[in-house]
Amino acid sequence: MSTSRRVFDLRLTTFNICKSYNGESVLRDCSFAFDKSGTYVLMGPNGSGKSTFLRICALLEEPDEGEITYFSGADVLKKDIELRRRTTLLLPRVGAFNTTVFKNVAYGLRVRGIKGPEIEERVDEALEFVGLIHKRNQKAPVLSSGETQRLGIARAMVIEPEIFFLDEPTASVDQKNTEIIEDIILKMKERGRSIVVITTHDISQANRLADWLLLLKDGRVIHS
Ligand SMILES: Nc1ncnc2c1ncn2[C@@H]1O[C@H](COP(=O)(O)OP(=O)(O)OP(=O)(O)O)[C@@H](O)[C@H]1O
Ligand SMILES: [Mg+2]
């Protein structure tokens with residue numbers, strides 16, 4: 001482990017978030033605090049606003065009203081690039097860059113200025129973690145969809161996000177890969193350093209993974 005790694009203490013609070021599309025309200029005065037490391041599972045019907053909520057929390061989209069506050073200890077952090085790099089959103093269907101599995105995962109470290117042996121060590125650790133180390137030198141576009149989803153998780157994990165949003169991580173994968181991905185999420189929980197926020201439609205998956213089960217109902221996130 002490199003000594004340069006961060007202390008994981010990021011917390012996230014939303015205050016009265018409102019979001020509408022074409023005059024239709026999706027989120028209404030949505031306030032929620034993600035203040036413990038562990039796994040939050042967000043459920044709710046199609047179109048209830050789960051993906052919208054995740055995009056807003058991950059600072060990829062602005063709310064119409066309300067506030068997102070990230071804080072680290074006593075410090076409120078600005079929504080700058082550095083903060084964005086401490087969180088990651090994994091979309092339901094991950095794409096891969098047209099290069100090797102290794103380079104796909106290394107990319108996020110290179111853009112963060114990490115070099116040489118530390119890249120090798122961290123990429124191999126992430127590939128090991130998601131069970132893709134044996135595919136290390138293969139071209140990524142030939143991976144199966146389940147493997148590509150695991151590659152996406154490795155790409156996200158390698159940068160050690162303190163808050164990791166996964167939007168329906170098993171929506172397009174088979175049973176075997178679903179189990180592998182759930183195991184990865186459970187292993188992340190064992191590490192105990194990040195807040196993991198997952199959306200799913202699978203209630204048994206929610207029960208397997210959740211420390212806290214949340215529901216998106218009437219435009220708000222509530223404890224289930
Ligand atoms: N960029 C957008 N432009 C217009 N409408 C949008 C946009 N993003 C989301 N919506 C609308 O907002 C509502 C909530 O969508 P969202 O994708 O957040 O729901 P969801 O809970 O993730 O649904 P699902 O379970 O199907 O993934 C939907 O009615 C959707 O059509
Ligand atoms: Mg969605």
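1. Contact here means heavy atoms within 4.5 Å. Axes are lines fitted to C-alpha atoms, for helices over the stretch in contact; angles run from 0 to 180 degrees between N-to-C directions. Helices (H or I, at least four residues) and strands (E, at least two) are DSSP runs, numbered from the N terminus.

2. The model is predicted: local features need pLDDT of at least 70, side-chain atom pairs count only at pLDDT 80 or more, and totals for chains, interfaces and linings use all residues. Residues are numbered from 1 along each chain as its sequence is written, chains are lettered from A and ligands numbered from 1 in the order in which they are written, and side-chain values use heavy atoms, without hydrogens and water.

3. Strands pair if DSSP finds at least two bridges between them.

4. Ile 163 has Ile 195 in β8 as its bridge partner.

5. β9 and β10 are antiparallel, over 4 bridges. Leu 214 faces His 223 of β10. The strands form a hairpin with 2 residues between them, and Asp 218 in the turn has a positive phi of about 50°.

6. Another open sheet is antiparallel: 4 strands, ordered β2-β1-β4-β5. Its edges are β2 (24–34) and β5 (75–77); each has a single partner strand, so one side of each is left without a neighbour in the sheet. Neighbouring strands are turned by 25° against each other on average, direction ignored. Helix α1 packs here too, touching β1, β2 and β4 (65–72), with its direction at about 125° to that of β1.

7. Pairing in this sheet runs as follows. β1 (residues 10–21) meets β2 over 7 bridges, antiparallel, with Ser 20 opposite Ser 25. β1 and β4 are joined by 7 bridges, also antiparallel; Thr 13 has Thr 69 as bridge partner. β4 and β5 share 3 bridges, and Tyr 70 stands opposite Leu 77. Their hairpin has 2 residues between the strands, where Gly 73 takes a positive phi near 60°.

8. Helix α1 (residues 50–57) also gives the most to the shell around ligand 1, with 4 residues. Of the 13 residues around the ligand, Gly 47, Lys 50, Ser 51, Thr 52 and His 201 come nearest; a residue is near if one of its heavy atoms lies within 4 Å. The shell divides into 3 nonpolar, 7 polar and 3 charged residues. Ala, Val, Leu, Ile, Met, Phe, Trp, Tyr, Cys and Pro count as nonpolar, Asp, Glu, Lys and Arg as charged, and the others, Gly among them, as polar.

9. Polar contacts to the ligand are pairs of N or O atoms within 3.5 Å. A polar side-chain atom of Lys 50 is 2.7 Å from a ligand oxygen. An N or O atom in the side chain of His 201 is 2.7 Å from an oxygen atom of the ligand. A polar side-chain atom of Arg 55 lies 3.2 Å from a ligand nitrogen. The protein covers 60% of the 630 Å² of accessible area that ligand 1 has on its own, by the Shrake-Rupley method with a 1.4 Å probe.

Conventions:
Polar contact = N/O pair within 3.5 Å; in protein donor to acceptor, adjacent residues only side chain to side chain.
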